[in-house]
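Here's a friendly walk through one protein model. Have a look at it first, and then we'll go through some of its parts.

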Amino acid sequence: MILDSTLREGEQTPGVVFSEEWRVRIAKALSDIGVGMVEVGDPNVAPDIKSAIKKIVGLKKQGEIKSDIVVHSRAVKQDLETAASLEPDRVAVFYGVSDIHLKYKHKKSREEALQIIAEMVSLVKSHGVSVRFTAEDASRADLDYLVEVVKTAYQAGADRVSIADTVGVFTPDRAREVFAKIKAAVPGVKLDIHAHNDFGMAVANSLAAVEGGADVVHTTVNGLGERAGITPLQAFAAAYYYHKGVKLIKLEKLPEITAMVEAASGITIMPTFPIVGENVFTHKAGVHQAGVIANPETYEPIPPEVVGRTRDFSLDKYSGRRAIQYRLERMGISVPPEVVDKLVEEVKRINARRLRDDDLLEILEKITNTAYRARVNRHIEAYVWLKVANNVYTTSVARRVAAIKNVVSVAEVTGDYDIIVKVVAENTEELNQVIESIREVKGVHSTLTSLVLKELPTNAPLSQ
């Protein structure tokens, strides 16, 4: 199962502040894509977080949110009672367990820490709420002591314990070893992995932790979080599908929730961001492009459609004949092989960073002296359909309309309308005046107006 902490860990990203409205929207979106648990924040941090948590818990009770709602809190009595009072599905209590944290942050001995952990977990449990204990900085704790921590929390009533790689120092081998040892030493306890990405190994460490016995993986959308963030939802969910053949969430919805969190956080992901980055299913080198056209499996681990993406080719001097021909065919353009060869030569010669469709068509027009690009109007063009009143001669109406300024063509037609008029105007005010003049013509019963967005060419030669 995935626990997503975008609303808690994610908001700890420097510069990120989620509004109450965004918090609710993100919680609903995470539930909609099938995330099992949503960690919604610490209500003791700020009033707006507490207010949003209340709304999210309310939506859970109404059935609009299906995910379990997890509220975060320090191991402090007053904070824990506030968290429990909001009636979430689970309260997560965290406490640092490495010697570094015990000495410099908590200023407690190992024995004192065990006593505090037991007391705080029991306190939450007494409120009738499920408890997860988070062993902060567990990856740097003495392993034998960590086992004692987990055992203490479990015996005090925590059904789940999160092993936090707080500064991202786990390696996959070590993560697998730690989880396997805890699982064997404390039968019955359920384990989470909370992996930070300081060395870029959060996804690998999360997968290894699952192999060692974890059954919940903490993620954030877009990998947000303190410093380098934590395990990105998109990368882990897709990697798990590839390696285990299991869809933990609706993978095809990943681009939507990526865009949502980009908008809410103000942080845009890099083009090379795994799974959802702009470049991930875009192929550049000619060898790669030819391989993918022949069989996508040559250079794609999974089909882009699985994760809601589409395949594309970056066109520049690295592109080969097959990729350029593919791009033309995608635009519905068929040209002789010798034209494609000339096009490839020109693309390599100009050494552009990246060619858009319009750029490619511009080059093609120069080579063939034929129009291929759609013409985007610099003024306003519109078509006005006219219905003529009964017992009125259609041709007489058409002749009067043709005499109006800015009317460039008039045609009598069959069907629901009797006349089609093309109008060219400099601005919307002038267009409105023309339409009003048409409506004032005697015999015009009604009108329907459509604006021209762009005009497609008919492969006619370009003017010399």
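## Two helices that cross

A quick definition to start: a crossing is called right-handed if the near helix is turned clockwise from the far one by less than a right angle, and left-handed if the turn is anticlockwise. With that in hand, look at α6 and α7 in this predicted model: their crossing is right-handed. Helix α6 covers residues 143–156 and helix α7 covers residues 172–185, and their axes come within 10 Å, crossing at roughly 45 degrees. That angle makes α6 oblique to α7.

Who's touching whom? On the α6 side you'll find Leu143, Asp144, Leu146, Val147, Val150 and Lys151, and they meet Arg174, Val178, Lys181, Ile182 and Ala185 of α7. Sort the residues of this contact and you get seven nonpolar, four charged and no polar ones.

From α13, the contact uses Val339, Lys342, Leu343, Glu346, Val347 and Ile350, while α14 brings Leu360, Ile363, Leu364, Ile367 and Thr368. Between α13 and α14 the contact residues split into eight nonpolar, one polar and two charged.

## A sheet with a helix on it

Now for some strands. Four of them make an open sheet, running β13-β14-β12-β15, with antiparallel pairing. On average, neighbouring strands here are turned by 20 degrees against each other, ignoring direction.

Zoom in on β13 and β14 (residues 419–425), and you'll see an antiparallel pairing over five bridges. Glu412 sits opposite Ile419 of β14. Helix α15 (residues 394–402) packs on this sheet, touching β12 (380–388), β13, β14 and β15, and its direction makes about 170 degrees with that of β13.

## Rings that meet

How many aromatic pairs are there? Counting rings of Phe, Tyr and Trp whose centres lie within 6.5 Å, the total is three aromatic pairs. One of them is Phe313 with Tyr326, an edge-to-face pair at 4.9 Å centre to centre, with 85 degrees between the planes. This pair links distant parts of the chain, 13 residues apart: Phe313 belongs to strand β10 (residues 312–313) and Tyr326 to helix α12 (residues 321–330).

Key: Residues are numbered from 1 along each chain as its sequence is written. This is a predicted model: local features need pLDDT of at least 70, side-chain atom pairs count only at pLDDT 80 or more; totals for chains, interfaces and linings use all residues. Side-chain values use heavy atoms; hydrogens and water are left out. Contact means heavy atoms within 4.5 Å. Helices (H or I, at least four residues) and strands (E, at least two) are DSSP runs, numbered from the N terminus. Ala, Val, Leu, Ile, Met, Phe, Trp, Tyr, Cys and Pro count as nonpolar, Asp, Glu, Lys and Arg as charged, and the others, Gly among them, as polar. Two strands pair if DSSP finds at least two bridges between them. Axes are lines fitted to C-alpha atoms, for helices over the stretch in contact, and angles run from 0 to 180 degrees between N-to-C directions. Rings of Phe, Tyr and Trp (its six-membered ring) pair if their centres lie within 6.5 Å; planes under 30 degrees apart count as stacked, over 60 as edge-to-face and the rest as tilted. Angles under 35 degrees count as roughly parallel, over 145 as roughly antiparallel, 65 to 115 as roughly perpendicular and the rest as oblique.
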